[in-house]
4 protein chains.
Amino acid sequence: MLKIGIYGASGYTGQELLKILVRHPEADVVVLTSRKFKGLPVSDIYPAFKDLTDQKYIDASPEDVASLCDVIFLAVPHGEAMEVAPYFLEKGKKIIDLSADYRLRDVKVYEKWYKKHTSSNLIQRAVYGLPELYRNDITEANLIANPGCYPTGVILALAPVLKEKYIDISSVIVDSKSGVSGAGRELSIGSLFCEANEGFKAYKICTHRHTPEIEQELSLLAGCNVTVSFVPHLIPVSRGILSTIYATLQRDISVSDLVGLYKKFYRNDIFVRIYDEGTYPNISCVRGSNYCDIGFALDDKTGRVIIIAAIDNLMKGAAGQAVQNMNLMSGFPEDMGLNLVSLFP
Amino acid sequence: MLKIGIYGASGYTGQELLKILVRHPEADVVVLTSRKFKGLPVSDIYPAFKDLTDQKYIDASPEDVASLCDVIFLAVPHGEAMEVAPYFLEKGKKIIDLSADYRLRDVKVYEKWYKKHTSSNLIQRAVYGLPELYRNDITEANLIANPGCYPTGVILALAPVLKEKYIDISSVIVDSKSGVSGAGRELSIGSLFCEANEGFKAYKICTHRHTPEIEQELSLLAGCNVTVSFVPHLIPVSRGILSTIYATLQRDISVSDLVGLYKKFYRNDIFVRIYDEGTYPNISCVRGSNYCDIGFALDDKTGRVIIIAAIDNLMKGAAGQAVQNMNLMSGFPEDMGLNLVSLFP
Amino acid sequence: MLKIGIYGASGYTGQELLKILVRHPEADVVVLTSRKFKGLPVSDIYPAFKDLTDQKYIDASPEDVASLCDVIFLAVPHGEAMEVAPYFLEKGKKIIDLSADYRLRDVKVYEKWYKKHTSSNLIQRAVYGLPELYRNDITEANLIANPGCYPTGVILALAPVLKEKYIDISSVIVDSKSGVSGAGRELSIGSLFCEANEGFKAYKICTHRHTPEIEQELSLLAGCNVTVSFVPHLIPVSRGILSTIYATLQRDISVSDLVGLYKKFYRNDIFVRIYDEGTYPNISCVRGSNYCDIGFALDDKTGRVIIIAAIDNLMKGAAGQAVQNMNLMSGFPEDMGLNLVSLFP
Amino acid sequence: MLKIGIYGASGYTGQELLKILVRHPEADVVVLTSRKFKGLPVSDIYPAFKDLTDQKYIDASPEDVASLCDVIFLAVPHGEAMEVAPYFLEKGKKIIDLSADYRLRDVKVYEKWYKKHTSSNLIQRAVYGLPELYRNDITEANLIANPGCYPTGVILALAPVLKEKYIDISSVIVDSKSGVSGAGRELSIGSLFCEANEGFKAYKICTHRHTPEIEQELSLLAGCNVTVSFVPHLIPVSRGILSTIYATLQRDISVSDLVGLYKKFYRNDIFVRIYDEGTYPNISCVRGSNYCDIGFALDDKTGRVIIIAAIDNLMKGAAGQAVQNMNLMSGFPEDMGLNLVSLFP
């Protein structure tokens with residue numbers, strides 16, 4: 001049994017990790033840290049865990065955590081992960097960092113969008129934890145930079161057409177819509193029920209921090225510099241991200257050939273589901289699951305392809321993908337503990 | 001592997017059964033019937049099943065179903081189950097009927113609330129499928145009358161205090177609130193998004209068909225005739241039933257003693273969770289799980305006890321409980337395929 | 001034109017008052033106070049007011065407010081209203097207090113449920129601002145204790161049967177359900193979208209501060225001491241309260257006679273709508289309006305009457321009723337500025 | 001008092017018209033037709049109208065309607081309006097048609113997207129009822145083609161930049177999101193609460209019938225043929241459309257200059273609100289009102305402008321705009337009966 005620590009376990013991502021891991025046949029969660037709720041049972045904060053675990057949050061030092069665990073998930077805010085990751089690595093632990101701290105290869109880009117990096121020497125050791133693109137590297141890695149929620153769906157949606165050079169790379173527009181859990185459990189006016197309910201708005205238009213992460217990975221796929229217009233919106237649902245992506249085709253392809261291209265590209269990827277012509281993803285079909293659903297349409301009149309990707313932001317967009325990475329790093333079947341059917345209705 | 005048929009598989013209950021059973025290690029769903037969608041893949045109607053099953057709905061005759069299956073779930077409307085159950089039983093099949101057709105012991109009561117019964121001779125063979133009360137009978141049964149969604153929570157909430165005669169049986173008021181999936185997937189104005197969203201109302205006040213079922217089981221527990229005032233309401237959520245139950249105490253008991261009484265009563269029942277003093281159930285803590293959560297308060301001023309029970313109406317209130325019954329009838333661990341953590345947020 | 005001040009204008013109740021008053025033909029809102037948002041335009045905090053008002057929140061002293069206004073709405077938390085009301089009254093202003101500070105006639109009861117009262121001498125001058133019961137007193141009053149949201153619907157639902165002594169006063173159970181705006185705009189975990197959405201729970205069971213207010217008014221109606229079991233719940237909607245009230249009849253009456261009794265009792269009350277037999281209120285039919293909708297059912301088997309009342313908690317339960325009171329105090333038509341059709345869907 | 005008929009009054013648009021008109025000081029609704037609900041009081045179908053009107057739906061012939069009314073709103077499905085409009089016009093009535101039957105100037109385009117036109121000779125007499133662009137024509141018109149819900153926001157969002165030739169007309173992408181009431185009150189699986197709730201999806205990608213209507217009006221504004229990629233999505237809210245529009249700038253302009261351009265362009269249009277830099281529309285700020293809110297961002301990196309427009313689809317997108325047109329046709333103030341503050345929260 002793998003001994004697991006969740007560092008920063010009281011947010012939505014932390015509890016989602018725990019939800020998966022309490023049912024994972026090879027995982028034993030031994031430490032859950034939280035400064036805010038130290039000493040309290042998890043089920044006091046998240047009653048859904050009642051009778052499933054009697055664990056309490058503790059305010060453990062990195063030393064304590066390292067002494068108890070083999071694998072450590074960092075579910076702390078950006079900037080805090082880079083403070084503790086070096087120590088854990090030095091102690092030989094495997095780290096899956098759900099923050100942005102090691103996602104951007106260029107420390108200058110990181111520091112422009114986030115803050116001063118205090119362990120930038122580790123960036124090159126980190127592997128971007130998108131198994132569909134980096135599976136082999138992940139199996140060897142000690143430090144995983146678990147992808148952001150928006151980037152996960154967008155990158156998977158564009159990888160095949162970028163690799164095969166079907167689209168004009170200057171034409172990419174990403175119109176994304178996320179459920180409210182994407183903002184975490186922090187107290188903010190915008191996250192109040194009465195503010196989000198029956199509302200819909202764009203936010204951080206072309207200034208969201210996931211933009212450089214998306215552009216980095218799309219550029220690696222295209223083999224040249226790709227920029228995108230990225231506009232996130234807030235949907236009044238708890239979970240789910242759907243991205244509608246527009247690009248101009250630079251060579252002809254039919255929808256059925258796109259379907260074929262994607263099915264082939266992702267033939268070994270059980271968490272990517274490709275939709276046949278005329279059918280499209282819906283966040284309600286991935287809710288609670290680790291799937292990324294992808295569908296296509298062509299706008300013949302304008303020569304554009306429209307690619308739609310849906311994920312559960314807490315699963316494939318965070319905790320589910322993190323456990324998928326843990327499985328790969330540990331030699332377990334990639335879907336162990338993740339064979340969840342989405343909850344509908 | 002148990003060969004399973006779902007007779008009437010295209011409603012919400014049918015798809016929920018399938019969702020559980022595709023992950024059940026001992027079940028092999030071999031027939032899904034639907035007149036409406038015959039010939040269509042399940043994933044056309046419920047895309048959440050994409051890549052999980054390539055089965056199609058068929059319009060199989062009872063003969064065909066019987067020839068292929070060991071266990072048959074009847075997820076058809078009231079009145080249709082009683083038409084086919086006799087044949088299946090005669091063929092030696094095990095039947096779990098999710099309709100009301102065999103729930104009421106007194107055929108006159110059934111016929112008053114529903115319609116003429118065409119196989120009333122089977123009523124005495126049927127076992128009321130509430131494992132927490134009838135576990136032993138269920139293990140021996142061939143015909144299970146799977147409880148209604150409202151009765152499940154209400155009966156579990158009241159069983160210990162009725163058995164121990166803590167409450168005045170003439171004082172019971174049941175104020176229940178259900179999510180919209182309780183109405184099924186039928187087209188009706190009241191089930192439209194715009195009609196239910198941001199709304200809340202009572203319906204079928206003191207005339208809901210679950211009233212005689214609740215009263216039958218409470219009377220058996222009390223050892224005398226119990227009547228209740230039962231008022232269901234509609235909550236604008238997809239899943240969940242919370243019942244707030246009021247009764248006058250006829251002997252004193254503290255909340256902590258109630259907690260103790262219930263924990264003891266349900267000590268072997270992993271799907272019943274008893275809440276400690278000062279904490280109360282919420283439907284969001286049982287969503288997608290097979291739990292029934294129960295909590296208590298006392299109104300000292302008026303001498304009343306308030307008992308609150310929450311379930312997921314599609315799980316413990318229908319498909320989850322049906323699989324729990326299947327497990328018991330088949331000698332499997334009671335929670336096989338049902339160890340689902342509730343989906344929150 | 002009446003010069004109006006809203007003291008504590010940045011909460012949901014304050015903005016609802018402003019929403020009504022910007023369209024009121026005889027009202028001129030001249031001061032909006034807010035410590036938190038002082039200096040900011042209202043439309044920065046509530047963009048719905050864009051182009052409707054260019055007013056800013058100010059942090060005005062009571063002296064400044066008094067010098068500018070004829071009528072002052074107090075939309076501050078409990079305990080703050082009693083600090084400023086005496087000064088405003090002394091300056092000859094008319095006060096409509098939306099807090100609980102002057103609602104309870106017995107200062108000991110107030111101090112038990114709230115805190116030490118600092119201007120209890122004014123309690124006897126205050127009129128409980130429920131126009132349907134106290135219209136004449138309101139027209140003469142200088143200090144209105146605007147009723148709580150839960151009490152408004154419950155009192156209107158019970159007044160006729162209590163006055164006419166149809167019900168056993170020891171049998172009253174009030175099961176209420178409120179939308180999330182009832183908790184105001186304060187930051188709390190329970191008010192977050194992801195916590196309330198798709199959830200339903202009871203809270204403050206038999207310990208909610210509106211209990212003594214309800215009991216006070218019911219006792220006055222009955223002419224003797226009435227106690228109730230009051231259990232509030234939280235519905236995942238923005239607005240609306242529906243109360244389901246149970247009582248044992250002590251003399252026979254049919255539903256149609258109840259309808260007749262209530263229509264007669266409220267014949268001069270345009271904001272009370274009585275539902276005919278077989279039809280019941282829904283919060284979606286009062287959303288955004290000042291109506292209180294009331295319907296009835298009998299449970300013949302148990303001898304109970306079930307009375308259901310629905311209001312919009314921000315309107316008839318707060319700001320709408322406050323403006324109704326202002327109209328009465330000022331000699332305007334009672335529904336001036338309040339002739340709003342509810343927003344459905 | 002203008003005598004008004006609503007032909008096809010029982011859908012969401014019909015009831016929204018009635019909601020506005022019962023409070024309109026110059027309108028007297030004398031006929032409400034509905035085949036389905038003939039003989040029933042409006043308040044049986046929409047209880048929100050209880051005590052506000054005692055009118056019943058009737059199944060009146062066009063002759064009867066014409067004999068009673070001065071102005072007739074056609075709120076019937078596409079294809080039915082063109083059957084009755086000729087008769088009403090012949091009888092000298094003013095017609096506001098909320099269907100698509102007279103929106104498309106080119107009958108061939110209409111017949112491609114809809115069906116055979118039976119009164120195409122009237123198309124040239126019809127005025128496209130977008131007051132901000134066609135106010136003068138509307139005041140003279142007898143037949144108004146009230147715009148579609150999606151086109152209303154999109155056209156208003158693009159008119160100034162198209163007229164001033166700031167954008168590359170080949171670059172326009174319209175990503176729109178609509179609440180569920182856009183689908184009307186018809187029974188369909190996709191409109192069920194459980195299907196739409198907690199979901200989000202695109203539909204009719206680049207094949208929605210509003211595409212040619214959008215392109216027609218944008219082409220007229222640009223003075224040359226404009227094509228757009230138009231992708232509508234479904235948001236789980238009752239009301240509201242938000243469109244996020246992307247276009248490549250062909251000459252430089254700052255956000256503050258865009259704001260200035262739009263404020264000038266719409267300086268006489270009280271129902272268009274222009275957002276300052278850094279603030280963006282939200283459907284919750286227009287709910288229940290007749291506003292169209294417009295905001296802007298620039299993506300410097302890619303040279304694109306992002307324009308966001310929000311309306312209430314039942315108000316500015318249907319009934320509100322229809323009454324605005326009626327006011328203009330009748331010489332009433334443009335906002336008579338429409339001075340509604342949006343309902344938030």
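1. Two residues are taken to be in contact if their C-beta atoms, placed from the backbone, lie within 7 Å. The model under review is a predicted one, and the remarks below should be read accordingly.

2. As to confidence, the mean pLDDT of chain A is 97, with 100% of its residues reaching 70 or more, while the model as a whole scores ipTM 0.97 and pTM 0.97. Where pLDDT is low, the predicted coordinates should not be read in detail.

3. The relation between chain A and chain D can be stated simply: a rotation of 180°, with 0.0 Å of shift along its axis, superposes chain A on chain D at an RMSD of 0.0 Å. The two copies are thus related as by a two-fold rotation axis.

4. The contact between these two chains takes 37 residues of chain A and 37 residues of chain D. On the chain A side, two or more residues each come from strand S7 (173-178), helix H8 (193-196), strand S8 (201-202), strand S9 (229-234), strand S10 (241-248), strand S12 (292-299) and strand S13 (304-311) of chain A. Sorted by class, that side of chain A holds 19 nonpolar, 9 polar and 9 charged residues.

5. Chain A and chain B are likewise superposed by a rotation of 180° with 0.0 Å of shift along its axis, again with an RMSD of 0.0 Å. The C-alpha of chain A nearest this axis belongs to A:Leu343, at 4.0 Å from it, and the same surface serves both copies, in that 100% of the contact residues of chain A recur in chain B. Here 24 residues of chain A are in contact with 24 residues of chain B, and the chain A side divides into 11 nonpolar, 6 polar and 7 charged residues.

6. Within chain A, the division is into domain 1 (2-125) and domain 2 (150-313), whose C-alpha centres lie 27 Å apart. The contact between them draws 9 residues from domain 1 of chain A and 7 residues from domain 2 of chain A. The side of domain 1 of chain A that touches domain 2 of chain A comprises, by class, 6 nonpolar, 1 polar and 2 charged residues.

7. One sheet is described here in chain C, where 6 strands form an open sheet in the order S2-S1-S3-S4-S6-S5, with parallel pairing. Its edge strands are strand S2 (27-33) and strand S5 (127-128) of chain C, each of which pairs on one side only. Strand S1 (residues 2-7) of chain C pairs with S2(C) in the parallel sense over 6 bridges, and C:Tyr7 stands opposite C:Thr33 in S2(C). Helix H4 (residues 81-90) of chain C packs on this sheet, where it touches S1, strand S3 (71-74), strand S4 (94-97) and strand S6 (143-145) of chain C, and its direction makes about 165° with that of S4(C).

8. Another sheet is described in chain B, an open one of 7 strands in the order S8-S9-S7-S10-S13-S12-S11, with mixed pairing. Strand S8 (201-202) and strand S11 (272-274) of chain B stand at its edges with a single partner strand each, so one side of each is left without a neighbour in the sheet. Strand S7 (residues 173-178) and strand S9 (residues 229-234) of chain B run parallel and are joined by 6 bridges; B:Val174 has B:Phe230 as its bridge partner in S9(B). Helix H10 (residues 255-265) of chain B packs on the sheet, touching S11 and strand S12 (292-299) of chain B, with its direction at about 155° to that of S12(B).

9. Some backbone details deserve a look in the coordinates. The peptide bond from C:Phe344 to C:Pro345 is cis, with omega near -5°, and C:Pro345 is found in the segment after helix H11 (315-330) of chain C. In chain D, a cis peptide bond joins D:Phe344 and D:Pro345, with omega about -5°, and D:Pro345 has its place in the segment after helix H11 (315-330) of chain D.

10. A further backbone point concerns C:Glu198, whose phi is near 60°, a positive value in a residue other than glycine. C:Glu198 is placed in the loop between helix H8 (193-196) and strand S8 (201-202) of chain C.

Terms used: Residues are numbered from 1 along each chain as its sequence is written. Chains are lettered from A and ligands numbered from 1 in the order in which they are written. This is a predicted model: local features need pLDDT of at least 70, side-chain atom pairs count only at pLDDT 80 or more; totals for chains, interfaces and linings use all residues. Copies are superposed by least squares on the C-alpha atoms of residues with pLDDT of at least 70 in both. Ala, Val, Leu, Ile, Met, Phe, Trp, Tyr, Cys and Pro count as nonpolar, Asp, Glu, Lys and Arg as charged, and the others, Gly among them, as polar. Domain bounds come from an automatic or database domain assignment. Two strands pair if DSSP finds at least two bridges between them. Helices (H or I, at least four residues) and strands (E, at least two) are DSSP runs, numbered from the N terminus. Axes are lines fitted to C-alpha atoms, for helices over the stretch in contact, and angles run from 0 to 180 degrees between N-to-C directions. pLDDT is the predictor's confidence in each residue, from 0 to 100.
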